[in-house]
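Me: I am new to this structure and would like to learn how to read its features. Could we go through them together?

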Amino acid sequence: MPAQLAAGNPAPNFSLPNAAGEQVSLADYAGRRVVVYFYPKAATPGCTTEACDFRDSLSALKGAGVDVVGISTDPQQDLAKFAGDFGLNFPLLSDLDHATAEAWGAWGEKKVNGTTLIGTLRSTVVVNADGTVHSAEYNVAADGHVARLRSSLGL
């Protein structure tokens, strides 16, 4: 498993389909800061809480020059339903083979209801305008995470 990212590392590029099947890559955000967050499964309670918090904070984030991209291993049709059901106003990308999650250190062993399994680690990486990592957090709790992130960014 690749190492987790740290401040100063170059952010690995990705090119993944969004809910509409259009390719979105990290290069599309060159010159802007972007929050790239990985979540385990669309429409589950923690992932919905986190996504809705990003949705509700998006205008403040964008106003400060920060974009948001969510990535999961869900198929495009699940992403489209998730975005539609909750009015999500930022790109959700499908990483079916979890290669991007692996490259970003967001794939690995975790405990779910007492069972150890391999999957997406709820993770958030803030990428600077120059493509380097500003900060990387792994195994974050969904509840209150976006508020803590905004505070750490001074927003």
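Reply: Gladly! Let us begin with how elements are named: helices, of at least four residues, and strands, of at least two, are DSSP runs numbered from the N terminus. Please keep in mind that this is a predicted model.

Me: How far apart are Lys81 and Asp85 in helix α2?

Reply: Helix α2 covers residues 76-86, and within it Lys81 and Asp85 lie four residues apart, which means about one helical turn separates them.

Me: What kind of contact does Lys81 form with Asp85?

Reply: Here is the general idea: side chains of opposite charge can pair when their charged atoms come close. In this case Lys81 and Asp85 form a salt bridge, with 2.7 Å between the closest N and O atoms.

Me: Is Lys81 buried or exposed?

Reply: Lys81 is exposed, because its relative accessible area is 55% and the cut-off for exposed is over 50%. Asp85, with 47%, is partly exposed.

Me: Which residues do salt bridges with shared partners join into one network?

Reply: That network consists of Arg32, Lys62 and Asp67. Arg32 pairs with Asp67, their closest N and O atoms being 2.6 Å apart. This pair links distant parts of the chain, 35 residues apart: Arg32 is in the loop between β2 (23-25) and β3, whereas Asp67 is in strand β4 (residues 66-72). Asp67 also meets Lys62 in a salt bridge, at 2.7 Å from N to O.

Me: Is Asp67 buried or exposed?

Reply: Asp67 is buried, with a relative accessible area of 5%. Its two partners are described otherwise: Arg32 is partly exposed at 33%, and Lys62 is partly exposed at 42%.

Me: How many salt bridges does the count come to?

Reply: The count comes to six salt bridges. Among them are the pair Lys81 and Asp85 and the pair Arg32 and Asp67.

Technical notes. Residues are numbered from 1 along each chain as its sequence is written. This is a predicted model: local features need pLDDT of at least 70, side-chain atom pairs count only at pLDDT 80 or more; totals for chains, interfaces and linings use all residues. Side-chain values use heavy atoms; hydrogens and water are left out. A salt bridge is a side-chain nitrogen of Lys or Arg within 4 Å of a carboxyl oxygen of Asp or Glu. Buried means under 20% relative accessible area, exposed over 50%, partly exposed in between (1.4 Å probe, protein chains only).
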